[in-house]
Amino acid sequence: MATLGASGAGATGQAKLTNGLNAANNNIDNALDNLLEVRASVGTRLKEIDTLDSTGDDLNVQYTEALHQMQDIDLAEVISNFTQQQQALEAAQKSFLQISHLSLFNYI
């Protein structure tokens with residue numbers, strides 16, 4: 001503020017005024033740089049919050065859908081499928097045991 005009130009008369013006065021105005025301009029530039037840096041940081045954090053919020057919404061939809069699928073299952077169908085798969089597994093195991101004990105001497 002003192003720079004603006006100073007007299008610019010004479011070479012010395014003009015030099016002081018110019019130096020003071022240059023220093024004030026540098027201070028304004030530095031303050032603006034700091035402001036832009038803080039604004040960018042806040043913007044990055046807001047973007048991260050938006051991304052996390054969107055991801056949370058997507059997960060909520062997925063969890064709700066999975067819960068509905070689990071609640072809407074036909075228990076008889078599930079038991080039937082499990083029993084069929086279990087019988088197929090047992091048959092495969094028995095077949096493997098019978099085949100694995102064979103050798104070339106059994107064919108001769």
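**Why these labels?**

Tutor: Buried residues make up 2% of the 108 residues in the protein. This is a predicted model, where local features need pLDDT of at least 70, side-chain atom pairs count only at pLDDT 80 or more, and totals for chains, interfaces and linings use all residues. Residues are numbered from 1 along each chain as its sequence is written, and side-chain values use heavy atoms, without hydrogens and water.

Student: Why is leucine 46 called partly exposed?

Tutor: Its relative accessibility is 49%. Buried means under 20% relative accessible area, exposed over 50%, partly exposed in between (1.4 Å probe, protein chains only). So leucine 46, at 49%, counts as partly exposed.

Student: What makes the nonpolar surface patch of about 360 Å²?

Tutor: Val38, Val42, Leu46 and Ile49 make it. Nonpolar side chains are joined within 5 Å, like charges within 9 Å.

Student: Which residues gather in a patch of negative charge?

Tutor: Asp50, Asp53, Asp57 and Asp58 do, on the surface. Asp and Glu count as negative.

Note on methods. Patches are made of residues with over 30% relative accessible area and no salt bridge: like charges are joined within 9 Å, nonpolar side chains (Val, Leu, Ile, Met, Phe, Trp, Tyr) within 5 Å. Accessible areas come from the Shrake-Rupley method with a 1.4 Å probe; for residues, only the protein chains shown count as cover. A salt bridge is a side-chain nitrogen of Lys or Arg within 4 Å of a carboxyl oxygen of Asp or Glu. The place of a charge is taken as NZ of Lys, CZ of Arg, CG of Asp or CD of Glu.
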